[in-house]
Structure formats: C-alpha cells, structure tokens
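User: I am new to this structure and would like a close look at a single part of it, followed by its wider setting. Please take the structure shown here as the starting point.

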Amino acid sequence: MTIIDKVALVHVRDGRLLTTRSAGRERCYLPGGKREPGEDDLAALTRELAEELGVQVDPATVRPWGVFTHEADAQAAGTVVRTTAMTADVAGEPVASAEVDELAWLAPEDRDRMTPTIGAVVDDLLAKGFFAQDRAVLFDLDDTLVATREVKWEHHRFVAREHYGIDLDDETLARHWGEPFGMMLGHLYRDAASTEEMVATNHASAHLYPKTTRPGAVELVTDLLDAGIPVGVVTSTLSQPAADDLRRCGFPVDRLFTVQGADRSPVHKPDPAVFTAALDTLRCLGIERVSYVGDAVMDAQAAAGAGLDFVAVTTGMVTAEAFPGVPVVASIAEAGPYLGL
C-alpha cells in the first residue's frame with residue numbers, strides 16, 4: 001500500500017466548503033498538499049495555501065480538526081491519502097492560481113464533485129451540526145450537563161482524609177469549587193504532592209464517585225445536533241476525564257466539535273479568552289453566533305467578555321438573582337428555546 005500524506009484546510013462560508021480542482025481531474029479536493037522535507041504541518045499548510053490560493057494563514061488561529069484516510073482519487077490501485085485536516089483564518093480572498101484549475105465552494109449535496117476524503121470531512125461536519133445553521137452552543141460541564149458537586153465533594157473529602165490526613169469542610173470546598181482541576185486539588189489537598197501525583201491519586205478512586213446526568217441534558221444536546229446546531233463543551237476539569245464522563249453518561253461525544261478542559265487552555269474562566277480556540281474553529285466553519293450555558297457567575301462573566309449569549313441554569317450553587325439580564329432556567333431541559341430549538 002502506498003500512502004500519500006497531506007495537510008489540508010477545512011474552511012466553510014455560507015454553508016459551503018472551500019475546495020480546489022487540479023487540471024485534468026474531475027473531482028475537487030481540500031486546499032493543501034504534501035509536506036516538503038523538514039516542514040511541520042503549519043509550515044506545509046501555509047506554503048500550500050499561498051501557492052494554490054494566494055492567501056496567508058493566521059498561525060494563531062490554526063486548530064486541528066481530524067485525520068482522514070481514504071482511497072486516493074485518480075491514483076494507482078492500493079494508494080491511499082492520509083489527510084491531516086485543520087481549520088484556520090486566512091488573510092485575502094482565495095483565488096485559483098496557476099497550480100489550480102478551479103476554486104469551488106461545495107455544498108453537502110455536491111457529492112459527485114468530491115473526492116472520498118472531502119466526502120468523509122463533509123459527513124463529519126454534518127454529524128457535528130455544521131452547514132445547516134449559523135449558530136452554535138457551548139456548555140459548561142459540571143453541574144450544568146452532569147450533576148457533580150455533591151458526589152465530588154464527597155470524593156474530595158475521601159481523598160483528602162485517606163491520602164493526606166486532611167478534613168475538608170464545606171467552606172473550603174465552596175471557595176475553590178470551579179477552579180481549574182489541578183489548581184483546585186492543590187488548594188484542597190494543601191499541595192501535599194505534585195500536581196501530577198494529586199491528579200493520579202484523585203483519579204484512582206474517581207470510579208467510586210461517578211457523576212450523573214442532569215435530567216434532559218443528553219436529549220437537549222442530541223436535539224441541538226440533530227437540528228444542525230454545533231455543540232461543544234468548555235470546562236474547568238481535565239479534557240479526557242470530561243470526555244469519559246460525558247461518554248459514560250450517554251452523551252454523543254463523537255459528534256461534539258470540542259471537549260476543552262483546563263489542560264487545553266492557557267487561561268481559565270472568568271477570562272473570556274478561555275473560549276478563543278473554540279471560537280476560532282467555529283468562525284472558520286462559518287459560525288458567528290454562539291451561546292454558552294453554565295451554572296456559575298464566572299461562566300456568565302467569561303461569556304459576557306467573549307461576546308457570547310449566556311443561559312444560566314440554577315443547578316449549581318448560585319441562585320437566579322446572581323444572573324441579572326440573562327435567561328435563567330431551573331433545569332437544563334428548559335434551555336432549548338433559548339438555544340435555537
């Protein structure tokens with residue numbers, strides 16, 4: 001088997017995907033190409049887009065989307081293309097160069113013009129809610145989509161007592177609740193070990209204290225996706241445990257466009273820059289209007305600073321009076337009408 005390894009741009013505008021077609025080819029492909037010796041993904045993508053379309057990639061906005069491997073179009077039998085797909089902002093209006101015979105913005109129904117790789121990317125975008133609407137929804141995780149506080153406070157008490165000889169009271173837990181996970185453990189366990197050791201110790205008994213789904217949360221997320229509204233999660237916990245909790249609780253994790261935890265952001269709520277990566281991706285995929293759903297004041301503050309619509313759920317520690325001027329619901333199941341459903 002021969003493998004052609006490529007990098008490519010996934011860029012959507014007005015519900016259509018940017019593609020190009022080479023002379024002599026019938027089908028279109030994603031803009032991009034093969035790496036030259038010594039090039040990393042960003043360098044290769046930057047060079048290829050400049051050569052093919054005359055645009056400049058903004059490196060600060062480059063985000064991974066996925067890796068797609070499929071049979072190569074118009075190549076010898078046994079040849080496959082492995083495409084590392086990324087989203088990014090580009091400066092300049094794409095124009096077909098001498099290397100490209102045609103620039104085409106394809107809709108999902110233009111299947112006959114797509115290579116297998118583009119078809120797979122389009123299927124992935126459709127499953128994640130793209131093309132149909134101009135809005136997206138981001139959710140907080142703990143005490144928004146899943147019930148966390150009561151069971152995890154008991155978990156922290158157990159770890160603090162059994163491993164570090166600390167008796168945690170409600171005041172201490174409340175003071176540090178919602179901090180980035182590693183920081184919170186340091187405060188709760190009084191930096192009794194390294195962050196890595198405290199995280200590992202906590203995770204070793206996490207299965208004894210499972211989070212549970214908020215009533216109606218799985219149905220709400222699924223209904224949004226089925227309505228063509230992209231959904232992601234931005235949380236203060238760690239990314240992989242967050243994805244694991246979501247999957248165990250029955251959420252369609254493979255259809256979410258992001259599950260971003262504290263380990264994937266240099267800043268944290270209430271800093272609005274916590275949304276930068278998610279918003280960069282959404283903008284490159286044609287989405288400008290975004291809502292955030294959360295249960296804490298810092299969720300509302302971060303959303304306001306980032307220019308997002310905010311919907312508050314009073315399933316955490318804060319009452320409705322803490323969220324003036326925004327929609328407030330007592331159950332996540334009631335949020336749909338404020339999110340485009």
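User: Is aspartate 143 buried or exposed, and what is its relative accessible area?

Analyst: The model is predicted, so local features need pLDDT of at least 70 and side-chain atom pairs count only at pLDDT 80 or more, while totals for chains, interfaces and linings use all residues. Residues are numbered from 1 along each chain as its sequence is written, and side-chain values use heavy atoms, with hydrogens and water left out.

Aspartate 143 is buried, with a relative accessible area of 2%. Here buried means under 20% relative accessible area, exposed over 50%, and partly exposed in between, with a 1.4 Å probe and protein chains only. This aspartate lies in the loop between β10 and β11 (146-147); helices (H or I, at least four residues) and strands (E, at least two) are DSSP runs, numbered from the N terminus. Although aspartate 143 is not a glycine, its phi is positive, at about 65 degrees.

Aspartate 14, however, is exposed, with a relative accessible area of 73%.

A further backbone feature concerns a proline. The peptide bond from lysine 269 to proline 270 is cis, with omega near 15 degrees, and proline 270 is placed in the loop between β14 (258-260) and α9.

The largest nonpolar core has 39 residues, and Leu125 and Phe275 have the most contacts inside it. Such a core is a set of buried Ala, Val, Leu, Ile, Met, Phe, Trp, Tyr and Cys residues joined through side-chain atoms within 4.5 Å. Among the elements that each supply at least two residues of this core are β10 (135-139), α2 (116-127) and α9 (276-284). The largest share, five residues, comes from α2. Leaving aside neighbours within four places in sequence, leucine 125 is in contact with residues including Val10, Val12, Trp65 and Leu285, where contact means heavy atoms within 4.5 Å. Apart from this core lies another, of 29 residues, among them Val218 and Cys249.

Finally, there is a pair of helices. Helix α5 (residues 181-188) and helix α6 (residues 195-204) pack at an angle of about 90 degrees, with their axes 9 Å apart. Phe181, Gly182, Leu185 and Gly186 of α5 meet Thr195, Met198, Val199, Asn202 and His203 of α6. The axes are lines fitted to C-alpha atoms, for helices over the stretch in contact, and angles run from 0 to 180 degrees between N-to-C directions.
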